[in-house]
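Here is a brief report on one protein chain. Look over the sequence and the model first, then read on.

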Amino acid sequence: MNPIIVILVVVLAIICWCIKTVNDFKKKEIRVQEALSGVEVALTKRYNVLTKMLDTAKGYMKHESELFTKVIELRRGMSIAEMNDAQQQMDNLSGSFFAMAENYPELRSSDVFVELQRGIRDAEEHLQAARRLYNSNVTAYNMAIAMLPAKLLAGSRQPLEFFAADASKREDVKILF
């Protein structure tokens, strides 16, 4: 076989591999962006459910405006770290909402309130699923830019951040009776 043809085939194979690898990086970046958008959709859904819950509870609670204002502040244009902080603050706000509901038996027994609680659980599950998808896509991206030989083509691409559990969420839940 002609050595020039062999060299051309090898060079062509390397060029094709480089193009495929760079395109794979781009695909993974797009998947990460899509997954982050899914997290934002889940946060918006959560916001909407909390807003509806506040509207329902208006007649029973005096502190809804503070919760409403905080939810709006936590809503958009955040980095991953800011979203993690917002998640923790929203968890605290949701917890205080349910704690306040304990003082209002009419609210607790309301069918609308029970339905909204289900909605919140659904929104939380949606948010957790969106975060898992985001973290899965970040893992694939981070692995792609870290593994040889593709790492040679990664250029200035940096590993992306994961959504992480707040330290207080890692502890065992203490249930008191």
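Where is the place of P149? P149 sits in the segment after helix 5. Helices here are DSSP runs of H or I with at least four residues, and strands are runs of E with at least two, numbered from the N terminus. A cis peptide bond joins P149 to L148, with omega about 0°. Most peptide bonds are trans.

The model is predicted: local features need pLDDT of at least 70, side-chain atom pairs count only at pLDDT 80 or more, and totals for chains, interfaces and linings use all residues. Residues are numbered from 1 along each chain as its sequence is written, and side-chain values use heavy atoms, leaving out hydrogens and water.

**Salt bridges**

The count comes to five salt bridges. The rule asks for a side-chain nitrogen of Lys or Arg within 4 Å of a carboxyl oxygen of Asp or Glu.

| Pair | Closest N to O |
|---|---|
| D24 and K20 | 2.8 Å |
| K45 and D122 | 2.6 Å |

Take D24 and K20. Both are in helix 1, four residues apart, so about one helical turn separates them. D24 is partly exposed, with a relative accessible area of 23%. Buried means under 20% relative accessible area, exposed means over 50%, and partly exposed lies in between (1.4 Å probe, protein chains only).

K45 and D122 form a salt bridge. This pair links distant parts of the chain: K45 is in helix 1, D122 is in helix 5 (residues 111-146), and they are 77 residues apart. K45 is partly exposed at 26% relative accessibility. D122 is partly exposed too, at 37%.

**A buried arginine without a partner**

R131 lies in helix 5. R131 is buried but has no salt bridge. The nearest side chain of opposite charge is E124, 6.0 Å away. Which residues does R131 contact, leaving aside its neighbours within four places in sequence? They are V39, M83, Q87 and F163. Contact means heavy atoms within 4.5 Å.

**Cysteines**

A disulfide is a covalent bond between the sulfur atoms of two cysteines. The cut-off used is a pair of cysteine sulfur atoms within 2.5 Å. By this rule the count is zero disulfides. C16 is partly exposed, with a relative accessible area of 45%. C18 is also partly exposed, at 23%.

**A nonpolar patch**

M1, I5, V6, V9, V10 and I14 form a nonpolar patch on the surface. Together they have about 600 Å² of accessible area, from the Shrake-Rupley method with a 1.4 Å probe, where for residues only the protein chains shown count as cover. Patches take residues with over 30% relative accessible area and no salt bridge, joining like charges within 9 Å and nonpolar side chains (Val, Leu, Ile, Met, Phe, Trp, Tyr) within 5 Å. M1 lies in the segment before helix 1 (3-57). M1 is exposed, with a relative accessible area of 86%.

Notes:
Lys, Arg positive; Asp, Glu negative; His and termini not counted.
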